[in-house]
Every structure is written in C-alpha cells, then in structure tokens.
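Good morning, and thank you for joining this group meeting.

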Amino acid sequence: MKTKLFGWIDERTGAEAIIKSQLTEYQVPKNLNYMWNFGSLALLVLVLQILTGIFLAMYYKPSAALTYGGYTVAFDSVERIMRDVNFGWLIRYMHAVGASAFFVVVYMHVGRGLYYGSFKGPRELLWIIGVVILLIMQGAAFFGYLLPWGQMSFWGATVITNLFGALPVIGDFLQQVLRGGFAVSDPTLNRFFSLHYLFPLLLAAIVGGHVHALHVVHSNNPTGLDVHEGKGTIPFHPYYTVKDAFGVGVFLTIYCYIVFFNPQMGGYFIEVDN
Amino acid sequence: MTDQADQSRRNFLYVAAGGMGAVAAGAAVVPFIGSMLPAADTLAASKTEFDVSTVEPGQLVVIQWQGKPVFVVNRTPEFLAQVDGHDDMLKDPNSEAIDEVSAEWMDTPEKRKYRSIKPEYLIVVASCTHLGCIPLFKPTKGRKDWGDSVPEDWPGGWHCPCHGSLYDISARVINGSPAPHNLHLMPYKYLSDTKVLIG
Ligand code: HEM
Ligand code: FES
C-alpha cells in the first residue's frame, strides 16, 4: 500500500520506520485508564490555540492609542472581532475557552502523574520537561490576558508585574524590563503580544521533546509496575488511536457546549470587565 | 470467540468514522476561511459619496472607494475636444471588450466616447489594467509639457510610470501599451446635481 511518492520520501527520510516505531507499533501498556487520555487532549488544545490565535492575530491590533470613541485601538479591535469580523465571535470564544480548557486538561494530566507516581524514575526528565511546559503555558496565558486591554487585563498585568518588582535587588530592573516603562502601558502591550505569539510556538517545540522523552522511557500505568518486559503492552494503533479519538469526541462535546452556549462561564472564562 | 476479524464490518466502521471526521474537519474550515473575507464594517464602507463640484476645471482628484483609488477629473472643453480624432490609436475605442469597462448608462455613442454620465466629470478606477499601478495624469496634448515620456502624437491622458501604459483623456488604453483594457468603471449614480454615490 506504499505509494510511489511515499516510497520516494521514505528512501530519503526513513519515514516508515519512524512512523512504525513512534506511532503505529509503539508499545503502550494495555491497562491504561482514561486518565492517560489527557496528554493527547492537551496536544489537541495546543493545536486549537495556535490555529485560532493565528486567525485572531489577523484582526487584533496591539496598541494602547486612544480612539475617537474614547476607547483604545486594542480594545476596539477586539470589539470589532466580536461584532464585525465573520465568525470572529466564534474564533475568539474558541480561543478564550480553549485557554481555560488547556489548564483543566493539563491539571488532570499532571494530577494523573502525581497520583500514579509517573514523576518517579525513570521518568524524571519527562516530568521536568512537563514543569517547563507548565511555566511557559502560564506565561502565554498571562500575556494573552493583557491583550484585550480591558480593566481586568490592565490591573491583572499591573499586579503580576508588581509581583516581580517585589523581588529584592533585581526587582525594579525586572519590572522595567517586563513593562518597558514605569507603568503598564503601550510598550508593555506590544511586547506582550510579541511574546504571546512566541510562547505557544515554543510549547509546540518543547512538547515534541516531551513526547520524545516519553517514548524513550515509555508510559507508566495504573499499577506503577513496569509492564514493558512481558506481554503487558499493545501497539498504539489501533488500540490507543481509537481510545484517544474517543476522548477527543467527549472533550469536543463539552468544549463546544461551552463555546456555543456558555462562553463566558459566568465570568470564569471571560471576565465581564474584559 | 474466534480470532477472525469481520473485515467487512471493520472496513465499514473505518469508512464511516473517517467520513464523519472528514465532514467535521471540512465544517470547521468554514468559519476560519470565512473570517478572512471582508468583515461587516469593511463591507459597510463599500459605498462612497463625493461632491464633484469640489473639483476645479482641469483638476484631477484621487478619492478612495473600497480602499481602491478612484480618479475624478473635471474635464474642460479643451480636454473634451481631445477625446476625438485618434480612434485608430485605441485598443477598444467603444469600451466593449469586457464588462468592467462598460456601463449600462452607455446607451449613446457619445457616452461610449466620454465614458461618463456627465461628459465633464470622468470617474474611473485609478488602477492601471496592466498590474495595478496608479497612472500619472498628463492631460495636455503633445510633448510640450511631458518631454519624450509620451509619444509625439500624444492626445493627452494618463501615462503609467510602472511599465509605460498610455491612456487617453477618456482613460481608453492606447495601442502598444502593456495594459490590455481601458481603465475600469465602477457603478455610480448622481444623487443630486453634483453629489455622486460610488459603489
Ligand atoms: C502543553 C502541555 C502538555 C502536553 C501537550 C503534554 C503531552 C503529553 C502526551 C501526549 C503524553 C502521553 C499521553 C499521556 O500519558 O497522557 C504525556 C505524558 C506525560 N506528561 Fe505531558 N503534556 C503536557 C504537559 C505536562 C505537564 C505540565 C506535566 C507535569 C508537570 C507533564 C507530565 C507528563 C508525564 C509525567 C507523562 C508520562 C505519564 C505516564 O506515562 O504516566 N505533562 N504528555
Ligand atoms: S502597471 Fe501600469 S503599465 Fe504595468
């Protein structure tokens, strides 16, 4: 079933062997429960965030300049996305709900690791990469939160940059590096937008390392015992492709319900002030 | 129980699941491509009102319509006289080649020649039909004002600086230009004696 084109590529990349060893015939414990679905869900949400973000960036304008209406260019551009851009409301809600969903999914993922001891040897590096991912996620979300330039954005950024200012000796310096001024202002908004675009791309690269680190040491399982020696494993495909796809279906059902029927989640996902 | 998989049942499930996935992915593409089309406020800005009496005789004004430049010229009697006498130099003297150079109000040979509802006010899209540059206004006849940037028998009109297309004073393209067509017209109508609604 190898096409000529794939054969040509395979000869030059060894793609078939990689796909076999890393995906279709990659060995996974057969006793994983649904707590092991959250890694693939986190990957899905990361892709969704990058995709919706690229489209939002086509209309979003990171400027604190005042407009005739008495608002700011940034705030007005978000309002325009909600009111005038075709499906802008949908793409913005997908992005905002996705940001919260990302943390829900990753907390489940991390909680699974804590509960089943997945952080213990030989998976220490996998865990450490995960912690780095979590920190970058928090950065990305924090930068994104400033972008609408609403009241919550502004004071949120003020509070968190002040937090850095409280550090002894280097505090003032750090604060000015973050803000590009003496208060949260136009240069802050510009650099936050730049970094908000950068961080998820960093995440994509680091998640690649995370999955690679996983594939070296293999998945843990609910028993906590190593099952990779005997008959304890099954190939990833079709068993876990189907199980992960089922998880994706459940996740998307909940996600779509929130996006379409309750996108602000009573102010938990999007504050009324923004 | 046997180890034999029911292949036809399995294939059906593959195709059904794959098909549903493809439909869902296709549907998900709609809002994303849709968002790249002009937004509602961009569409709302697709009509422009303009008062042609603000253009002095002999003057050319460039206004914006849908983000594109539009020429409005107040043609003096001399300019109008320059419309005649060089039909053999034109690719499409009667503006019949494509829809964009024609208009339903062009119901007389006169209007086909002047390419405007009121002869003195020419209103055309200011993009060269070659590759879209804005041609330079060189309305007077001959080389007196323009040197050898125009041919010796220059009837007066526009000269595109990008690749040298020439148009006469009715924005009709002159033979030998890289541009294939006369400058495009856009729909417009007079709301009053001097107010036009473009778009
Ligand atoms: C962008 C966020 C993340 C993505 C896309 C991601 C992706 C994945 C994927 C696809 C797997 C394999 C499937 C699974 O075991 O569920 C995995 C496993 C794992 N991840 Fe993550 N992850 C993310 C964040 C984190 C974080 C924040 C931590 C911990 C601080 C972490 C720790 C782990 C561990 C320990 C495993 C192995 C689990 C086991 O075998 O029991 N991950 N990750
Ligand atoms: S764009 Fe005018 S001549 Fe090429």
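Predicted model: local features only at pLDDT ≥ 70, side-chain atom pairs only at ≥ 80, totals over all residues.

In which helix of chain A does Ile50(A) lie? Ile50(A) belongs to helix H3 of chain A; helices (H or I, at least four residues) and strands (E, at least two) are DSSP runs, numbered from the N terminus.

Residues are numbered from 1 along each chain as its sequence is written, chains are lettered from A and ligands numbered from 1 in the order in which they are written, and side-chain values use heavy atoms, with hydrogens and water left out.

Let us return to Ile50(A). Contact means heavy atoms within 4.5 Å. If its neighbours within four places in sequence are set aside, Ile50(A) is in contact with Pro200(A), Leu201(A) and Ala204(A). Ser153(A) is 103 residues from Ile50(A) along the chain, and 21 Å separates their C-alpha atoms.

I turn now to ligand 1. A residue is near a molecule or strand if one of its heavy atoms lies within 4 Å of it. Ligand 1 is surrounded by 22 residues, and the closest are Trp36(A), His109(A), Ser118(A), His210(A) and Asn220(A). Under the classification used here, Ala, Val, Leu, Ile, Met, Phe, Trp, Tyr, Cys and Pro count as nonpolar, Asp, Glu, Lys and Arg as charged, and the others, Gly among them, as polar. The shell around ligand 1 then comprises 13 nonpolar residues, eight polar and one charged.

Which atoms of the protein approach the ligand? The side chain of His109(A) has an N or O atom 2.6 Å from a nitrogen atom of ligand 1. For Ser118(A), a polar side-chain atom lies 2.5 Å from an oxygen atom of the ligand, whereas Asn220(A) places a backbone N or O atom 2.8 Å from an oxygen atom of ligand 1. Two or more residues of the shell come from each of helices H3 (38-56), H5 (88-115), H6 (124-146) and H9 (186-217) of chain A. H6(A) gives the most, with six residues.

The next topic is the interface. Of the area that chain A buries against chain B, 38% is supplied by Phe55(A), Asp84(A) and Asn86(A), more than by any other three residues.

Finally, let us consider aromatic rings. Rings of Phe, Tyr and Trp (its six-membered ring) pair if their centres lie within 6.5 Å; planes under 30 degrees apart count as stacked, over 60 as edge-to-face and the rest as tilted. Over all chains, the structure holds 24 aromatic pairs. One of them, Phe236(A) with Tyr240(A), is tilted, at 6.3 Å centre to centre and 35° between the planes.

Definitions and conventions. Polar contact = N/O pair within 3.5 Å; in protein donor to acceptor, adjacent residues only side chain to side chain. Buried area = accessible area lost by both parts, 1.4 Å probe.
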